[in-house]
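Me: I would like to learn how to read the features of a protein model. Please take them one by one, with the general idea before the case.

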Amino acid sequence: MENQVDVIDRVIKNAVKVMEDSKYQIYEILDSSRHEAINMCNELQEVMDQTAEICDKVDELERNYRLARLRLTDVSRDFVRYTEDDIKQAYEKATQLQLELMIYREKEGYLKTRRDDLQKRMRSVEGSIERAETIGSQMSVALEYLSGDLSQVTRILESAKNRQLLGLKIILAQEEERKRIAREIHDGPAQSLAHLVLRTEIVERMLLKQDFELVKNEIVDLKSQVRFGLEEIRKVIFNLRPMALDDLGLVPTLRKFIHDYEEKHRIKTSFEIRGLERRLKSEMEAAIYRLVQEAFTNAAKHGHPSHVTCELTYDENEVRLVIRDNGFGFKVEALETKSKEHMHFGVLGMKERVELLEGHMDIHSAENRGTRIVIQIPTNVEKREE
């Protein structure tokens, strides 16, 4: 066994060295991409400023050109009041303005094309940055996992394989959750705020032109955009930690989640409370909420049921959860193999969470027979071992 441990130790150290070198190369690529993104962002801002100036110049030239044409029409018709020099001057002015207008329209088209090209390149670079960040975070997780206490290798090799796999999955899940939150903020509130900035610039220009009717309409639209942005922020906050869980308790928060779940997935749901409802410890309520959330999410994602039910029972010394669905179901004995193949947290994560609460979880399922999950969590345990 000692020889095996030494061999594993050498393999792990070599793997760590290779991964560290690769990680630094990835970080260099990531740093270069970020620098390129900053330069492109500055260039894009400069192009957008130039585009705005050119657009204003085109508007001004169009107005002047219209006035020059009207002037040319007037002097061409009235030979009594205007001389041949007046007609010639009006014609030359109109021609000059027309030429300038053509030139500035050409510049406007070129700048808009350049702006669109820069925006497309920005999206491509952002995609590259995101992929590099994903690879870097996965390598960091792997390095953290490999660089642990190697004196425990023998015990790890002899322990249950599920727990080894689950430790890595938990770290990966944390990294993915951070990325998901960052992506939600970038795609939701951040985009809304950027859009609001552009719209306010439009309002500012309209005010300068004294087009108050359009300003009024634009402000009404801005209000709706602000409300939408606020709603996006509230969604992000709720996904992080439902405030209702601390303020109102477990049952009202579960009612809201199940109601929203039914509206989102178009799946009929029911929620039943048995026993005398009472407040539990904050961490226990949060754990139960996440268990229900995970079970319902798994049902919609893998089972495709038409009905999901949740039954919460308060007993004197425990809380009992029963979650049923009439979906496709699965072979329970194949659950461990399936979890390893797909590398997702899923039901194994639920079991680990229940065990941390010193509880017990049973899964009853069969193909085309639906799924029933029974969770029992004691409420009279003061100290829980990690």
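Reply: What follows goes through helices, backbone angles, rings, the nonpolar core, contacts and cysteines in turn.

Me: What should I know about the model and its numbering before I start?

Reply: This is a predicted model, in which local features need pLDDT of at least 70 and side-chain atom pairs count only at pLDDT 80 or more, while totals for chains, interfaces and linings use all residues. Residues are numbered from 1 along each chain as its sequence is written, and side-chain values use heavy atoms, with hydrogens and water left out.

Me: Is Arg266 buried or exposed?

Reply: Buried means under 20% relative accessible area, exposed over 50%, and partly exposed in between (1.4 Å probe, protein chains only). Arg266 has 72% relative accessibility and therefore counts as exposed.

Me: How is a pair of aromatic rings read, and how many does the structure hold?

Reply: A pair of aromatic rings is described by the distance of the centres and the angle of the planes. Rings of Phe, Tyr and Trp (its six-membered ring) pair if their centres lie within 6.5 Å; planes under 30 degrees apart count as stacked, over 60 as edge-to-face and the rest as tilted. The structure holds four aromatic pairs. One of them joins Phe257 and Tyr261, tilted, at 6.1 Å centre to centre with 40° between the planes. These two residues are four apart in helix α7 (residues 250-265), so about one helical turn separates Phe257 from Tyr261. Both Phe257 and Tyr261 are buried.

Me: Which kind of pair do Phe257 and Tyr289 make?

Reply: The ring centres of Phe257 and Tyr289 are 5.8 Å apart and the planes are at 70°, so this pair is edge-to-face. Because Phe257 lies in helix α7 and Tyr289 in helix α8, the pair ties together parts that are 32 residues apart in sequence. Tyr289 is buried, as is Phe257. Ring pairs link Phe257, Tyr261, Tyr289 and Phe296 into a cluster.

Me: Which lysines lie over the face of Tyr104?

Reply: A charge sits over a ring if NZ of Lys or CZ of Arg is within 6 Å of the ring centre and within 35 degrees of the ring normal. Lys57 lies over the face of Tyr104 at 5.8 Å from the ring centre. Lys107 lies over the face of Tyr104 at 4.8 Å from the ring centre.

Me: Which residues touch the most other members of the largest nonpolar core?

Reply: A nonpolar core is a set of buried Ala, Val, Leu, Ile, Met, Phe, Trp, Tyr and Cys residues joined through side-chain atoms within 4.5 Å. The largest has 37 residues, of which Phe296, Leu312 and Ile375 touch the most other members. Elements that each supply at least two residues include α7, α8, β2 (307-314) and β3 (318-325). The largest share, 11 residues, comes from α8.

Me: Where is Thr134, and what does its side chain approach?

Reply: Thr134 is found in helix α2 (residues 84-146) and, at 16% relative accessibility, counts as buried. A polar atom of the Thr134 side chain lies 2.9 Å from the backbone oxygen of Glu130.

Me: How many disulfides does a search find?

Reply: A disulfide is a covalent bond between the sulfur atoms of two cysteines. With the criterion of a pair of cysteine sulfur atoms within 2.5 Å, a search of the whole structure finds zero disulfides. Cys41 is partly exposed at 41% relative accessible area, whereas Cys55 is buried at 18%.

Terms used. A polar contact is a pair of N or O atoms within 3.5 Å; within protein, one must be able to donate a hydrogen and the other to accept it, and residues adjacent in sequence count only if both atoms are side-chain atoms.
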